[in-house]
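My notes follow in the order I checked things.

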Amino acid sequence: MTRARFVPLAAALLALLPSSLRAETRPLRPDDVWAFRDVDDPHLSPDGRWVAYKVTSQDRQEDRADADLWMVPFGAPSAGGEAVRLTSSPKSESAPRFSPDGRWLAFLSGRESKQTQVFLLDRRGGEAQKLTAFKADVSALEWSPDSRRLALIVADVDPDDPEAASDETKAKQEKPKHPKPIVIDRRQFLRDEDGFLREVRQHLYVFDVASKKATQLTSGRYDDAEPAWSPDGRWIAFSSNRTEDPDANQNTDIFLARADAAAGAGGPREAPRLLTTNAGGDTAPSWSPDGKWIAYVAGGDVADMWYAPSHVGLVAVADGTTRDLTSTLDRNVLRPRFSRDGRFVWFLLEEGGNQHLARLSLGGAPSVAAVERVVGGERAVGAYDLGPGGEVVILASTAERPNELFAASIGAGAIERRLTHANDELLAGLRLGRQERFQVKSADGTPIDAFLTYPPDVGPGGSGSATAPASRLPTILRLHGGPVSQFDSGWHLEWQLLAAHGYAVVGANPRGSSGYGRAFSRAIWADWGNLDFQDVMAAVDAAVAKGIADPVRLGVGGWSYGGILTNYVITKTTRFKAATSGASEVNFFADYGTDQYQYEWETELGLPWQN
C-alpha cells in the first residue's frame, strides 16, 4: 500500500479506536504556521491521467516560502500510484504547464538567475533544463496547440538594473557612489510589491522551443497579460489596457495578436486587433474549440467601480459581437473556459460566503436557472481544470481543511474523491475549532451572513466539556479587506489559531462585501463605516445573545479595508478592549496621491480639494 493511500485510511481507523488508545492531539500553536503546506494551480495532463500542481512550504530557517512542483495520478485510488515530487530546488517553481503532445512540462523559476525564466522537464526523465535567457522576468507561459511554441509575457529590460546590462556594458560601468534618483513620470507611480513604477512594461512574445528564438509581438506603454492560443495556432488572445493613459482607468480589453510565421514578414508586424470594447475590465480570455468565440470575464458598469459584479461574456472572433451569459446572475465570476466539446462554458462562481464551480449550457438562452453548480456546498473552490475525457480536477478548501485537490463528478453537484493529502499528517495531531455559519439582521433589517469559530474543546452552542466548562468566551471580531471581498466557508488558519488559544472568532460579510449582488455591495458607496459598522456589530450582538461571546472581553481587527473598518468601529463604540488595525488608512486627505489607489479615491470619494 502506498503512503498516499495509507494516510487517509490510517486516519479513519484511528477514529474508531477508544479515546484512551488514540494518539494524543493538541490545539494549534503559532509554530504550526511553518508546517502547513499550500496546494495550488492544478493542471491535467493531455491524456487526463496526471495532475501537475504547486506546493508551497515555509522555510523557517531562511524565513521565506519555497514552492515546488508535484504530480499526482488522477485515477481512482484502486489504480495505484502516489504523489510525485518533481522539483526540489531552493528557488521556487510555479506555473506547471503540460505540452499538448504530453512530452514536456514547462514551468517558471529563478533557480539559475536573478530573473524568472522558463524551464522544461522531459516527462521521459532527466533534470529540468533552462529554456529561456531573457534579461528580465517571464511572468506567464502557455503552450501552442502543436507543442512547438510558447506564448510568454516578458517584462521590458530595466535600464537601471546592472544585472540586465550586457557583459561589455558591465565592464565599462563604474560602481556609482550614490544611488540614482527615482524619476517619476506616471500617474500610477507606486504599486504594492512592485515599488516605484516607471515605463518598464510587460509584453507578449512567441518563443520557438527548437530554435530558442523569441519574437516580440507587442510593445509600447502598456502591460499585456493572460495569453491564450487559438485552436489553429495562428492567433494569441490577451488582455491589456491600451487607452491613452492606462493609469487613469481600469479599461482592459481583449486583443488578438498574429502568432503565425507569416505575420510581419517583410515589414512591420501588424498591430494587435481590438476585440472587446467594454469600458470596464475585460480579462481571462479562453477560446472555443472551433475558434469562433472567446469566453472572458467582463467587468460591470464602470460607474460602480469594484462594487460591480463581473460576468461571463462571449465575443465573436470574426466581428466582435458580444453576448452576456451571466449578467442576470448578479455575482462575480472567475476563470471561464469552454468544455472540450464546446457545449458548455465553465467558471468559478462567488456566491454568499462560498465559491463554487459552475457551468452554463450554450444550447439555450442564458438564465439564472440554467447555471449548474457542478461543485457546490459549504466550500471555497479556488481553481479547476478540465481533461480530455470529462475529467474535472478542483482545488478546494473547507473550514476543517486547507486547499487540496479533488476529482469532481459532473452532475453529482459534489466532490467525488480527494487526490492530495498535503496536510494530513499535521492535521492528524491537531484539535481544530468547529466553525458554524449563522445569519443575523442588521439594525435596518438587512440579513447578514456571519461565521463563528469555537475553541477546539467547546461544543455546540458553547456547551462545555471536561477540559473546557461552559462559559462565555473572549471573542474577536475579524473584518475582511476590500471592502469588496467576502469571508467564505473555506479554511481560515488565523481563525483556527485564535480559537486554539481560547477565543471565539466572529467573521461577518457586511454590506460592501461581494458574493451578494451589486445592491448589497454598493450600499456603502462613499459612505464607509456606517452600514457596514451596523452589520458587523449585529454579528457581535448575535454571538453575545447565543451565550458565547463575553460582552466585556471583546477584541476587533482586520487588514487593509478591514483595518479601515476597525478604525471606524473603535471610534463609534467603546465596547472593544483591544484592536489591531493592519495596513489601514486614517487620513484620507493625506492618503490621496501617496498610495496606489488614486483611481479608486477619485472615482468613489472625489478629489480631496473638491470633496
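Entry 1: Arg 518 has 37% relative accessibility, so I log Arg 518 as partly exposed.

**Entry 2: confidence.** This is a predicted model, and I read every entry below with that in mind. The mean pLDDT of the protein chain is 89. I also noted that 88% of its residues reach 70 or more.

**Entry 3: salt bridges.** I searched the whole structure and got 34 salt bridges. Side chains of opposite charge can pair when their charged atoms come close. I wrote up a few of the pairs.

I took Asp 304 and Arg 518 to begin with. Their side chains meet in a salt bridge, 2.6 Å from N to O. Asp 304 sits in the loop between strand S20 (293-298) and strand S21 (311-316), while Arg 518 belongs to helix H5 (residues 518-522), so this pair ties together parts that are 214 residues apart in sequence. I checked burial too. Asp 304 has a relative accessible area of 5%, so I log Asp 304 as buried.

Next I took Asp 444 and Arg 511. This salt bridge is 2.8 Å, N to O. It links distant parts of the chain, 67 residues apart. I found Asp 444 in the loop between strand S31 (435-441) and strand S32 (447-453). Arg 511 is in the loop between strand S34 (504-509) and H5. Asp 444 counts as partly exposed at 46%.

Then I looked at Arg 26 and Asp 32. Their closest N and O atoms are 2.9 Å apart. Arg 26 is partly exposed at 25% relative accessible area. Asp 32 is buried at 5%.

I also logged a network: salt bridges link Asp 41, Arg 97 and Glu 142.

Entry 4: I stopped at Asp 591, in helix H8 (residues 588-591). Asp 591 is buried yet has no salt bridge. How far away is the nearest side chain of opposite charge? That side chain is Lys 572, and it is 17 Å away. I then listed what Asp 591 touches, leaving out residues up to four places away in sequence. The contacts are Glu 585, Val 586 and Trp 601.

**Entry 5: an open sheet.** I traced four strands that form an open sheet, in the order S5-S6-S7-S8. The pairing is antiparallel. The edge strands are S5 (93-98) and S8 (129-130), and each pairs on one side only. S5 and strand S6 (residues 104-109) are joined by four bridges. Within this pair, Phe 98 stands opposite Leu 105 in S6.

**Entry 6: a parallel pair.** I moved on to strand S35 (residues 549-559) and strand S36 (residues 578-582). They pair in the parallel sense over five bridges. Gly 557 stands opposite Thr 580 in S36. What does the chain pass through from S35 to S36? It goes through helix H7 (residues 561-572). I noted this β-α-β crossover as right-handed.

Entry 7: Ala 95 has a positive phi of about 55°, although it is not a glycine. Ala 95 is in strand S5, and it is buried at 13% relative accessible area. Ala 284 also has a positive phi of about 55° and is not a glycine. I placed Ala 284 in strand S19 (residues 282-287). Ala 284 is buried, with a relative accessible area of 17%.

One cis peptide bond went into the notebook as well. It joins Gly 482 and Pro 483, and omega is about 10°. Pro 483 lies in the loop between strand S33 (473-479) and helix H4 (493-500).

Technical notes
Residues are numbered from 1 along each chain as its sequence is written. This is a predicted model: local features need pLDDT of at least 70, side-chain atom pairs count only at pLDDT 80 or more; totals for chains, interfaces and linings use all residues. Side-chain values use heavy atoms; hydrogens and water are left out. Helices (H or I, at least four residues) and strands (E, at least two) are DSSP runs, numbered from the N terminus. Buried means under 20% relative accessible area, exposed over 50%, partly exposed in between (1.4 Å probe, protein chains only). Lys and Arg count as positive and Asp and Glu as negative; His and the chain ends are not counted. A salt bridge is a side-chain nitrogen of Lys or Arg within 4 Å of a carboxyl oxygen of Asp or Glu. Contact means heavy atoms within 4.5 Å. Two strands pair if DSSP finds at least two bridges between them. pLDDT is the predictor's confidence in each residue, from 0 to 100. A crossover is right-handed if, with the strands pointing away from the viewer, the path from the first strand over the helix to the second runs clockwise.
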